[in-house]
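Q: I'm new to this one and would like to learn how to read it. Can we go through it feature by feature?

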Amino acid sequence: MGPGASCWPETAHTCTSPRAARGLNTGLQDVVNLGWKLAATVRGHAPAGLLDTYHTERHPVAARVLENVRAQVALMHPGPSIDALRRLFADLMSVDQVNAYLAGMVSGSDIVHDVGRPADALTGRFIPETRLRTADGTTSLAALLHPGRPVLLDLADRADVRRAAAGWAGRVDVVTAYVEGQPPADAILLRPDGYAAWSAPVGGSGADGLHAALRLWFGEPAEETEVAALRGGEGPRTTIGDKHRGHTLPHPTRR
């Protein structure tokens, strides 16, 4: 994104039918997605290309909202050419899997972003609200994300994971917590918008990929940045769109 460029949340959500507030959840996600990336850029620790990922991630979501709304509007207009489709759709909605699919689509909870870790089942997905128990008492995932900072959630008291994130202590909140029942992972790195950027599988060892994910989304660790500044250079940088563990994030077409 070049100098003087303007950033505006996708306007598709303001051009949709107000029925069912189809664009409300996705519109809020747009705002948070762009907000944390702008904040990181203003503070000077955003990796190169971070702002471009707003378009890459959210433009397809807006296009899907418009397509979904057009389908809803068509079903709302009975007539000889649409009545059979309405009856078929009503029958399909009695199927649990169909209802789950539609609920995820309408709420926006099924959105998956490409965060460069295709083999990780949790990454790129929005992590739902969860009650957590910490040394300070009971809290929630929403409360941890409320300050608008990334959160490394340690769900298995993994000292190796916490040590791996030490260089980002000024930017990433590290929280050790416990959940009722089986946790989805030993640890999850959450972006400020609630989407997972990395996770450690249950029962695993090591923190493979955590450094790469931290650099990819939150810039270089503080120590390297400070050393580079003292030497008068910028030091190495990780660019969103560089090959990340054999995978390249798509870039939008600049307009």
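Q: What is the average pLDDT of the protein?
A: pLDDT is the predictor's confidence in each residue, from 0 to 100. Here the average is 82, and 78% of the residues score at least 70. Over residues 233–239 the pLDDT is below 50, and over residues 241–255 it stays under 50. Where pLDDT is low, the predicted coordinates should not be read in detail.

Q: How many aromatic pairs are there in the whole structure?
A: A pair of aromatic rings is described by the distance of the centres and the angle of the planes. Rings of Phe, Tyr and Trp (its six-membered ring) pair if their centres lie within 6.5 Å; planes under 30 degrees apart are stacked, over 60 edge-to-face, and the rest tilted. The search finds two pairs. Tryptophan 36 and phenylalanine 218 make a tilted one, 5.8 Å centre to centre with 55 degrees between the planes. That pair links helix α1 to helix α7, across 182 residues; helices are DSSP runs of H or I, at least four residues, and strands are runs of E, at least two, numbered from the N terminus. Both tryptophan 36 and phenylalanine 218 are buried. Phenylalanine 126 and tyrosine 195 form an edge-to-face pair, at 5.5 Å and 65 degrees. Phenylalanine 126 sits in the loop between α4 (96–107) and β1 (131–134), and tyrosine 195 in the loop between β5 (187–190) and β6 (196–200), so the pair ties together parts 69 residues apart in sequence.

Q: Is phenylalanine 126 buried or partly exposed?
A: Phenylalanine 126 counts as partly exposed, because its relative accessibility is 35%.

Q: Which residues does leucine 210 contact, leaving aside neighbours within four places in sequence?
A: Contact means heavy atoms within 4.5 Å. Leucine 210 touches Leu152, Val161, Ala164, Leu189 and Trp198 in that sense. Leucine 210 belongs to helix α7 (residues 210–218), and at 0% relative accessibility it counts as buried.

Definitions and conventions: Residues are numbered from 1 along each chain as its sequence is written. This is a predicted model: local features need pLDDT of at least 70, side-chain atom pairs count only at pLDDT 80 or more; totals for chains, interfaces and linings use all residues. Side-chain values use heavy atoms; hydrogens and water are left out. Buried means under 20% relative accessible area, exposed over 50%, partly exposed in between (1.4 Å probe, protein chains only).
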